[in-house]
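Trainee: I would like to read this model feature by feature. Please give me the general idea each time, then the case here.

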Amino acid sequence: MAAIYPLTFAALLFSVGVYGVLSRRNAVLVLMSVELMIAAVVVNLVAMNEIVATQMGDPLLTGQAFALFVLGIGAAEVGVGLAIVLLLYRNRANVNVDDAELMKY
Amino acid sequence: MAAPELFMLSALVVGGAASLLVVTARNVVHAALFLVVALVSVAASFLWLGAEFLAWAQVLVYVGAVIVLILFGLMLTRAPIGPMAQHNENRKLAAIVAVALFALLTGLNVASFGGETIELRTTGAGQLGEVLYLQWAFPFVVLGFLLTVSLIGALVLARREEGEGPLPDPGPHEEIAAAREPAPTDATPIPGGPTPGREIGSR
């Protein structure tokens, strides 16, 4: 399989995630876009693992091990992120990221 | 076009369309459900690449746990369920940035990996587990520690403040445990001595 297919998939997911992070208002939707970007990174890691393994062999499975670590860190991130969003909602009664400007200047 | 490329292309099309719907849907719950489709297609692409364990871990962790967390987050923040404007005024600029980034990344990918091919093979769960528990053992343990820390951190962050929640003032463990017991309905003492819960309840 040509290596460009999974890499293009990762680039597409990452760009769409960037668009979501920049344009969404709701903090939970921003978190969902961050999840898309993390998924793109994981796809890239797995694809690179296969490319390296095809070229020179990879007995350590570096890309897949790192992908697994990124999966775990992503799960931890969404837990803490949602706790922060809940705290924001409790203090400000909405989760609009544009209104959370207390530390802006 | 060979079959694996066709499969990967289908994952690309489905996942790309679903992710576009995630960031453009006007209903927040629909966005969360489109995220399920996008993440499942990511898991499918792992399967085409031969990473079996990662594919099922993705399904379990993301589609199973993270989506449920996000739906709970939508519910607890009382997000407006229903179609409404969810975008800020940066929408056009964000679209330009995203398209430019996609063009840049694709150009770099074509320039760097345009001629590369992947020799498909299967990496079973046993193979990955062997290197994970031998060569990657320390990072793996650190990951477990990180998950524990983030769990405790999320609990501490999301816990209600003193006087805000339904629980009485936090005190020693016995008091909290006693206060959680059902309150006594009548005042007749139990033969055999007063129970600690009754003592606290009468205070």
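Trainee: Among contacts in chain A between residues at least 6 apart in sequence, what percentage join residues at least 24 apart?

Mentor: Contact means heavy atoms within 4.5 Å. In chain A the figure is 55%. Keep in mind that this is a predicted model: local features need pLDDT of at least 70, side-chain atom pairs count only at pLDDT 80 or more, and totals for chains, interfaces and linings use all residues. Residues are numbered from 1 along each chain as written, chains are lettered from A and ligands numbered from 1 in written order, and side-chain values use heavy atoms, without hydrogens and water.

Trainee: How many helices and strands does chain A have?

Mentor: Both are DSSP runs, numbered from the N terminus: helices are H or I, at least four residues, and strands are E, at least two. Chain A has three helices and zero strands. The radius of gyration, taken over C-alpha atoms, is compared with a globule rule of 2.2 Å times the number of residues to the power 0.38. Chain A is more spread out than a compact globule, because its radius is 17 Å, well over the 13 Å that the rule gives for 105 residues. Its C-alpha box is roughly 55 × 25 × 25 Å along the principal axes.
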